[in-house]
Amino acid sequence: MLDYDGKKFRKTGSESNPVTVYRQDGDVVWSEFAGGEVLRGSTAGTRAADGTLHLGYTIVLAGGDVISGHTVNTPEVTEDGRVRLREVWERYGPHAATGVSYLEEVT
């Protein structure tokens with residue numbers, strides 16, 4: 001079973017994207033991140049038996065906007081053994097949007 005505690009992930013596409021550090025206690029998973037336009041971000045949710053994460057999130061941007069939503073992150077294993085998370089996300093409120101992105105494990 002995949003253990004997320006202490007694993008670090010970054011959104012693919014840029015080295016300047018913030019690194020997210022995950023913590024885990026049983027099936028409860030959470031993370032915190034900051035960097036670039038993100039002043040503060042956090043997630044909290046649960047891990048399913050197959051390693052899929054169901055998370056809510058809140059992000060405070062440098063311009064003062066607050067974004068919240070939820071995401072379902074499905075783990076994949078890369079050729080070099082790292083974990084890649086496929087995020088299917090939805091934002092609420094004035095920033096409403098949906099999409100798919102990827103987080104790559106960084107060491």
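These questions and answers go through a predicted model and ask why its parts are described as they are.

Q: Why is Thr43 called buried?
A: Thr43 has a relative accessible area of 11%, and buried means under 20%, so Thr43 is buried. This residue lies in strand S4.

Q: What makes the pair Thr43 and Ser31 a polar contact?
A: The side chains of Thr43 and Ser31 come to 2.6 Å. A polar contact needs N or O atoms within 3.5 Å, one able to donate a hydrogen and the other to accept it.

Q: Which residues does Thr43 touch, not counting residues up to four places away in sequence?
A: Thr43 touches Trp30, Ser31, Phe33, Leu55, Gly56 and Tyr57.

Q: Why is Thr52 called buried, and where is its place?
A: The relative accessible area of Thr52 is 8%; the cut-off for buried is under 20%, so Thr52 counts as buried. Its place is in the loop between S4 and S5.

Q: What joins the side chains of Thr52 and Asp50?
A: A polar contact of 2.9 Å joins them. The cut-off is within 3.5 Å, so the distance between Thr52 and Asp50 meets it.

Q: Why is Thr74 called partly exposed?
A: Thr74 has a relative accessible area of 35%. Buried is under 20% and exposed is over 50%, so Thr74 falls in between and is partly exposed. The residue belongs to strand S6.

Q: How do you know that Thr74 and Thr52 are in contact?
A: Leaving aside neighbours within four places in sequence, the contacts of Thr74 are Thr52, Arg84, Leu85 and Arg86. Contact means heavy atoms within 4.5 Å. From the side of Thr52, the contacts include Thr74, along with Val72, Asn73 and Pro75.

Q: How far apart are Thr74 and Ala44 in sequence and in space?
A: Thr74 and Ala44 are 30 residues apart in sequence and 15 Å apart in space, C-alpha to C-alpha.

Q: Why is Lys11 called partly exposed?
A: The value for Lys11 is 44% relative accessible area. Exposed would need over 50% and buried under 20%, so Lys11 is partly exposed. Lys11 lies in strand S1, and its contacts include Ser101, Tyr102 and Leu103.

Q: What makes up the largest nonpolar core?
A: Nine residues make up this core: Tyr4, Phe9, Tyr22, Val29, Leu53, Leu55, Val83, Leu85 and Leu103. S5 and S7 each supply at least two residues of this core. A second, separate core has five residues, among them Val38, Tyr57, Ile59 and Ile67.

Q: Which residues of that core does Leu103 touch?
A: The residues touched by Leu103 include Phe9, Tyr22, Val83 and Leu85, which are members of the largest nonpolar core. Leu103 also touches Lys11.

Q: How much space lies in the largest pocket, and which residues lie nearest its centre?
A: About 550 Å³ of space lies in the largest pocket. The lining has 24 residues, of which Lys11, Phe33, Ile59, Glu87 and Arg91 lie nearest the centre.

Q: Which element gives the most to the lining of the largest pocket?
A: Strand S5 gives the most, with four residues.

Conventions
Residues numbered from 1 in each chain as written. Predicted model: local features only at pLDDT ≥ 70, side-chain atom pairs only at ≥ 80, totals over all residues. Heavy atoms only, no water. 1 Å grid on protein atoms, 1.4 Å probe; cavity = no way out; pocket = protein on both sides within 12 Å on 5 of 7 lines; lining within 4 Å. Points joined across faces, edges and corners; volume = space filled by probe spheres on them. Buried < 20%, exposed > 50% of the residue type's maximum accessible area, 1.4 Å probe, protein only. Core = buried A, V, L, I, M, F, W, Y, C linked by side-chain atoms within 4.5 Å.
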